Amino acid sequence: MPTAAVTAGDGPETTAGREALRKLKSTDPPLYLCPSEDLSKAARLASEYLFSSLKPYTPKSPFSHLLVNGFDAEQIWQQIDLQTQPLISSLRRQVKKFEKNPEEIRNLFNLGEKDKKNDGNDVGTISNGDEKMENEEGFDEFEDEEMEGDDDDDEEEEEEEEEEEEGNAHEGKEEDGGGGGVEDNFLKIKELEEYLEEDEAREYGLKKEKKQGKRDQEDDNDKEGDDEDEDDDEDEEEEDDELGVMGVDVGEDDESGEELENARYEDFFGGKGKMGQKRKSKLLHGSDNLDMDGELSEESSDDEKNQSQKKQKLSTHEKELEKLHSTIEQMEKANLEPKTWTMQGEVTAAKRPKNSALEVDLDFEHNVRPAPVITEEVTASLEELIQKRILEGRFDDVQKPPTLPSRAPREVKELDENKSKKGLAEIYEEEYVQKSGLVSTAVSISDQQKKEAGMLFKELCLKLDALSHFHFTPKPVIEDLSIQANVPALAMEEIAPLAVSDAAMLAPEEVFTGKGDIKEDSELTQAERKRRRAKKKRKFKAVAAKRMANKVQHSSLQNRVDGNEES
Amino acid sequence: MEVENTSSSLPVKPNFQPLKAHEISSGQVQFRKVPVPPHRYTPLKKAWMEIYTPIYDQMKIDIRMNLKGRKVELKTRPDTPDISNLQKCADFVHAFMLGFDVCDAVSLLRLDELYVESFEIKDVKTLRGEHLSRAIGRLSGKGGKTKFAIENSTRTRIVIADTKIHILGSFANIKIARDSLCSLILGSPAGKVYSKLRAVTARLAERF
């Protein structure tokens with residue numbers, strides 16, 4: 001860092017500037033309370049001097065020198081600010097570099113050794129800087145109160161602070177690089193380390209303060225003066241509204257390079273532990289003017305907001321996953337529960353809620369043709385048809401199917417309600433005659449002629465059937481009292497070998513000799529089986545007894561006969 | 001011992017002819033007298049010859065009408081073949097007197113096992129006044145059709161004389177007729193009696 005630039009410069013202006021600075025320094029603090037032109041003038045001069053001295057280090061600064069005449073305090077301050085903002089960031093970078101590579105500091109100090117002459121001044125300035133560092137805090141306290149009147153002073157003080165810091169940094173480095181043997185250097189090295197630690201602590205502390213409280217402080221400047229990472233992070237902050245980045249930044253400051261390469265999901269979307277703290281600070285960032293007291297009350301409600309804001313912080317992927325999970329859960333739940341009645345198979349009215357069938361759109365087959373809509377045309381057509389049929393005389397009357405005579409109608413002896421023409425004697429006479437069989441008369445009491453006619457017709461039909469073998473019609477069965485032999489029809493020779501059924505033969509029930517319900521042995525129950533056996537035994541016993549009796553009789557007869565014969 | 005003797009030389013079994021009526025009564029004549037009720041007097045006069053002829057010619061029984069005593073008298077002849085003829089003729093005449101037709105009563109002469117049964121309505125059920133009249137009407141039926149129906153179906157002859165009922169026929173048939181008549185007296189309608197009769201007669205006819 002070229003310190004020659006500081007010493008170089010316009011002689012009269014620099015001396016004037018220095019004079020002004022000294023003057024400001026020498027004045028008592030209470031004198032600042034009341035506005036004085038001398039002080040303000042001195043302050044302006046000092047500001048100009050400082051500005052111009054700092055100008056070489058700020059290439060981007062739009063102003064060549066501080067414009068003081070006729071400018072407001074605010075305007076002057078803005079100019080200074082414009083200059084110092086980039087300066088601070090560059091300084092930060094340098095400090096980081098020195099942190100990594102302490103050797104460079106040596107180089108600097110080697111350079112600085114050449115300018116040992118200035119060390120005294122520098123030391124003085126350092127000591128002044130130390131003093132002024134101590135005064136900084138005092139100045140900080142006064143800042144708010146002296147806004148209007150002592151703006152310039154404030155600016156000056158701030159500038160002084162900054163310069164002191166820079167000076168300290170520079171000189172600290174220079175002295176360290178000067179060699180370890182010198183006590184002052186050793187001490188300065190240590191001081192440097194301490195200072196660095198302090199600075200870091202302050203940074204972190206300041207950051208914590210921010211989380212708890214205000215943001216519009218030097219921390220802003222500190223942060224913005226950081227490396228690109230922090231810039232990026234800030235951008236991310238602004239974009240994603242996440243505080244986690246800040247915390248990550250704290251961790252990443254040490255390992256910025258590595259972290260970038262192995263950036264993970266958690267780095268971007270923060271662990272759940274860090275979220276709480278950052279949430280708080282984030283909240284309070286949002287509401288700028290919250291006091292520390294207000295923060296405490298909000299901490300209690302932070303837990304609730306944590307969870308809700310966790311959800312807000314979910315990525316799209318996580319959101320989709322969540323949705324999917326919820327749908328899966330829903331479906332599983334639905335599967336476990338019993339199905340709605342519409343999904344079940346056969347549902348009776350008792351199994352579904354009342355009137356539920358009305359609400360459901362049922363669809364079922366109608367096996368019935370829909371009733372015809374009666375229109376005038378329909379009725380006209382019907383009437384036409386009716387009239388036509390009447391004229392034709394063609395009615396679709398139901399005709400009874402002709403019943404086939406299964407057997408000859410039995411001769412029903414009707415009750416004759418007239419006086420019988422025959423005398424009783426004659427009736428009996430006839431009866432007797434029939435019984436004795438002297439005169440063959442008809443079995444059934446019917447007209448002789450009718451019988452004869454019937455017989456003739458039957459013969460005719462038989463002959464006709466014989467002519468047509470293919471369409472067999474069986475003879476109508478007529479109950480006769482003639483004795484039928486249970487012989488198959490084929491055995492009896494007919495005119496034509498018709499396939500006559502043996503319906504005329506004895507029917508199975510006629511063949512059957514037995515009575516009652518015949519059961520096979522397998523169909524019998526145990527009790528029935530016992531009954532049968534008992535019956536059989538009884539029969540057998542009876543037969544045996546009879547036989548015995550017969551034997552006895554026989555034997556007794558024999559005895560008697562023998563006895564008779566003997567005697 | 002005695003048994004043996006008899007078994008070795010048994011006398012010829014005598015062969016006795018049936019005794020004639022005379023001999024049974026040891027030569028005495030037997031009479032039967034049948035009183036004639038007044039309402040049968042005229043029919044008797046009309047049907048006399050029909051009555052007389054079978055009795056005298058076939059049964060060989062003397063018959064005469066005692067006008068004064070209003071009786072029909074029957075007497076055995078010496079050539080009456082069987083003593084039962086007299087009884088039969090008496091029954092025959094008696095049946096006529098009850099009200100039966102001659103042709104119906106003649107069956108008594110020809111068949112042995114025909115009988116005449118008589119009973120009164122009051123034997124079945126005590127009916128008075130109109131009930132009695134109605135019962136009688138029920139028995140006969142309209143124009144006598146119920147009575148004829150019973151007669152025809154059961155091969156009997158029925159005479160309903162006021163409160164007295166006479167049935168002529170064989171024993172079983174009399175029973176059937178009597179049952180139907182009794183059911184009619186007791187109040188069953190004619191249709192019911194008819195159906196029963198039909199069933200009975202069908203059974204009767206099946207026997208042959």
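Buried means under 20% relative accessible area, exposed means over 50%, and partly exposed lies in between (1.4 Å probe, protein chains only). The views below come from a predicted model, in which local features need pLDDT of at least 70 and side-chain atom pairs count only at pLDDT 80 or more, while totals for chains, interfaces and linings use all residues. Residues are numbered from 1 along each chain as its sequence is written, chains are lettered from A and ligands numbered from 1 in the order in which they are written, and side-chain values use heavy atoms, with hydrogens and water left out.

View 1. Asp101(B) is partly exposed, at 35% relative accessible area. Asp101(B) sits in the loop between helix 5 (83-98) and helix 6 of chain B, and Lys419(A) in the loop between helix 18 (376-392) and helix 19 of chain A, so the pair joins two chains. Helices (H or I, at least four residues) and strands (E, at least two) are DSSP runs, numbered from the N terminus.

**View 2. Helix 19 of chain A against helix 6 of chain B.** Helix 19 (residues 424-436) of chain A packs on helix 6 (residues 102-110) of chain B at about 50 degrees, with the axes 6 Å apart. Helix 19 of chain A is therefore oblique to helix 6 of chain B. Axes are lines fitted to C-alpha atoms, for helices over the stretch in contact, and angles run from 0 to 180 degrees between N-to-C directions. Angles under 35 degrees count as roughly parallel, over 145 as roughly antiparallel, 65 to 115 as roughly perpendicular, and the rest as oblique. Leu424(A), Ala425(A) and Glu429(A) meet Cys103(B), Asp104(B), Val106(B), Ser107(B) and Arg110(B). Contact means heavy atoms within 4.5 Å.

**View 3. The salt bridge of Arg110(B) and Glu429(A).** The closest N and O atoms of this pair are 2.9 Å apart. Arg110(B) lies in helix 6 of chain B and Glu429(A) in helix 19 of chain A, so this pair joins two chains. Glu429(A) is partly exposed, with a relative accessible area of 36%.

**View 4. The interface of chain B and chain A.** Here 25 residues of chain B are in contact with 16 residues of chain A. The two chains bury about 1,900 Å² between them, 59% of it on carbon and sulfur atoms. Buried area is the accessible area (1.4 Å probe) that two parts lose on being put together, summed over both. Three salt bridges are found across this interface. Glu431(A) and Arg155(B) also meet in a salt bridge (2.4 Å, N to O).

**View 5. Salt bridges within chain B.** Glu73(B) pairs with Arg64(B), the closest N and O atoms being 2.4 Å apart. Glu73(B) is buried at 8% relative accessibility, whereas Arg64(B) is exposed at 53%. Asp104(B), Lys147(B), Glu151(B) and Arg157(B) are linked in a network of salt bridges. Over all chains, the structure holds 21 salt bridges.

**View 6. Gln83(A) and its contacts.** Gln83(A) is found in helix 4 (residues 73-100) of chain A. Gln83(A) is buried, with a relative accessible area of 0%. Leaving out residues up to four places away in sequence, Gln83(A) touches Phe51(A), Leu54(A), Lys55(A), Thr58(A) and Ser61(A).

Technical notes
A salt bridge is a side-chain nitrogen of Lys or Arg within 4 Å of a carboxyl oxygen of Asp or Glu.
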